[in-house]
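User: I'm new to this one and would like a slow walk through it. Could you put it up on the screen before we start?

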Amino acid sequence: MAEIVDAKGLSCPEPVLLTLEAIKRLDKGEIEILVDTDTSKENVSRAASSMGWSIVDIITEGSGYRIKIKKE
Amino acid sequence: MDALKNFFATRKGIIFVGLIIGILAPILQKLGNPPNMGICVACMERDIAGALGFHRASVVQYLRPEIIGFVLGAFLSAISLKEFRPRGGSAPFIRFILGVFAMIGALVFLGCPWRTLLRLAGGDGNAIFGLLGLAFGIWIGTRFLKAGYSLGRTQLSQSKAMGLGFPLLMFGLLILLLIDPKPEGEARGMLLFYSLKGPGSQHAPLFISLAVGLIIGILAQRSRFCTMGAFRDLILFKQGHLFSGVAALFLAAIITNLILGQFNPGFEKQPISHSMQLWNFLGMSLAGLAFTLAGGCPGRQLFMAGEGDGDAAIFATGMIVGAAVAHNFGLASSPAGIGPNGAIATAIGLIVCVIIGFTMRRR
């Protein structure tokens, strides 16, 4: 079961901060981050990649995105 | 279209945007904009406040088309790439207050982060203290962010109309500017105020200013260019993505200034600046902190407002009101130094921002 980070509606840089907190907490596994702007989608993806997590999928959901990231 | 979309999200993309802004700003100066002020979001919003008569500082009154272009360029870009999202409701009044004090801090220094870089690129050494203050203010902001600072979630609006408000206001101002030009030798059109001398009287041709504003609005919306975010991300995440755009702007502006003969290094008699370094530092500390707490530099706030972000529109409105307050009550600096009430206003601003930082929490 993936950890879910709901960052919808939050200003920069909170979506990235929440994602990095989850990454620190889990160390490895799967995380799904919910965002609602393209800016947040790009920022979260960039931050996750820089931490060595891979972007598994980005699904358009309503007017936002569900970003699935993973680290073995 | 997707390939283009991705390009601007890359390191090369943000550097490209920084280079273009760094070249265009000194060219605007060459074509008539005030010295080291090819682009200054704070100064230009201040001039707009003057053009509308919100303050009556006679030397800074002009409805700057660059600002209109920033918002409308970002709006057109967001609409055409389906990124237009009407939203709002994340502590709007706090954002308004942050906008007011961001402007007051910027006018104590005499420039926003964009002009800080452009002043430095024009050789103005006083801007070093502004840049240090900016970085310090942003650093304080990142401490609050680390401790859980948040203005809360914004709500997506069901109605497109909400996000159209600010772009339509800008469009209305553009129409006003076109039908109410400056009468020869007079400081007042039908409605708008104009400057006969001083920075407000110096401007590039209207359509060039507007075109450059539109181009930058489009590019910055695509790339999420943000001068405050550049320092914030570097301090908070050691991530240099946005910073590389700002560095590119700075380098391009120096080179363009050298080519155009606009590079004059020194501390004394620099255009539209003063040498009270403590207040250059503290003014920009206040501005940097306010931008960080509001989630974007003044340019970025305009681009987000163009994307339909009502909270960013409120911040920008706060900045215009802040300009009126700053000039009506002697807070704004001049080449002679800080205004009679500039010091106390900076202190009050810093206290208010710190209180906001401590009290607005996610948990």
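User: What share of the contacts in chain B with a separation of 6 or more comes from residues 24 or more positions apart?
Analyst: Such residues account for 82% of those contacts in chain B, where two residues are in contact if their C-beta atoms, placed from the backbone, lie within 7 Å. Before going further, please keep in mind that this is a predicted model, in which local features need pLDDT of at least 70, side-chain atom pairs count only at pLDDT 80 or more, and totals for chains, interfaces and linings use all residues. Residues are numbered from 1 along each chain as its sequence is written, while chains are lettered from A and ligands numbered from 1 in the order in which they are written.

User: OK, and how many helices and strands does chain B have?
Analyst: Chain B has 15 helices and 2 strands, these being DSSP runs numbered from the N terminus, with helices (H or I) of at least four residues and strands (E) of at least two. Its radius of gyration is 19 Å, close to the 21 Å of the globule rule for 363 residues, so chain B is as compact as a globular protein of that length. That radius is taken over C-alpha atoms, and the rule is 2.2 Å times the number of residues to the power 0.38. Along the principal axes, the C-alpha atoms of chain B fill a box of roughly 55 × 40 × 40 Å.

User: What percentage of chain B counts as buried?
Analyst: Of its 363 residues, 60% count as buried, and a residue is called buried if 20 or more other C-beta atoms lie within 10 Å of its own, exposed if 12 or fewer, and partly exposed in between, with C-beta atoms placed from the backbone.

User: Which residues meet where α9(B) touches α13(B)?
Analyst: From α9(B) there are Gly217(B), Ala220(B) and Gln221(B), and they meet Gly299(B), Phe303(B) and Gly306(B) of α13(B). By class, the residues of this contact are 2 nonpolar, 4 polar and no charged, with Ala, Val, Leu, Ile, Met, Phe, Trp, Tyr, Cys and Pro counted as nonpolar, Asp, Glu, Lys and Arg as charged, and the others, Gly among them, as polar.

User: And how do the axes of those two helices cross?
Analyst: The axes of α9 (residues 206–223) and α13 (residues 298–306) of chain B come within 10 Å and cross at roughly 85 degrees. Axes here are lines fitted to C-alpha atoms, for helices over the stretch in contact, and angles run from 0 to 180 degrees between N-to-C directions. The two helices are therefore roughly perpendicular to each other, given that angles under 35 degrees count as roughly parallel, over 145 as roughly antiparallel, 65 to 115 as roughly perpendicular and the rest as oblique.

User: Staying in α9, is Arg222(B) buried or exposed?
Analyst: Arg222(B), which sits in helix α9 of chain B, counts as buried because it has 24 C-beta neighbours inside 10 Å. Leaving out residues up to four places away in sequence, Arg222(B) touches Phe8(B) and Ser77(B).

User: Which loop holds Arg224(B)?
Analyst: Arg224(B) is in the loop between α9 and α10 of chain B, and although it is not a glycine, Arg224(B) has a positive phi of about 60 degrees. With 26 C-beta neighbours inside 10 Å, Arg224(B) counts as buried. Lys238(B), which is not a glycine either, has a positive phi of about 55 degrees, but Lys238(B) counts as exposed, with 8 C-beta neighbours inside 10 Å.

User: Switching topic, how many residues does each chain put into the contact between A and B?
Analyst: Chain B gives 21 residues and chain A gives 18 residues. On the side of chain B that touches chain A, the largest share, 5 residues, comes from α10(B), and that side has 6 nonpolar, 9 polar and 6 charged residues.

User: Which residues of α1(A) are buried?
Analyst: They are Glu14(A), Pro15(A), Val16(A), Leu17(A), Thr19(A) and Ile23(A). What covers them includes β1, β2 and α2 of chain A, together with α7 and α10 of chain B.
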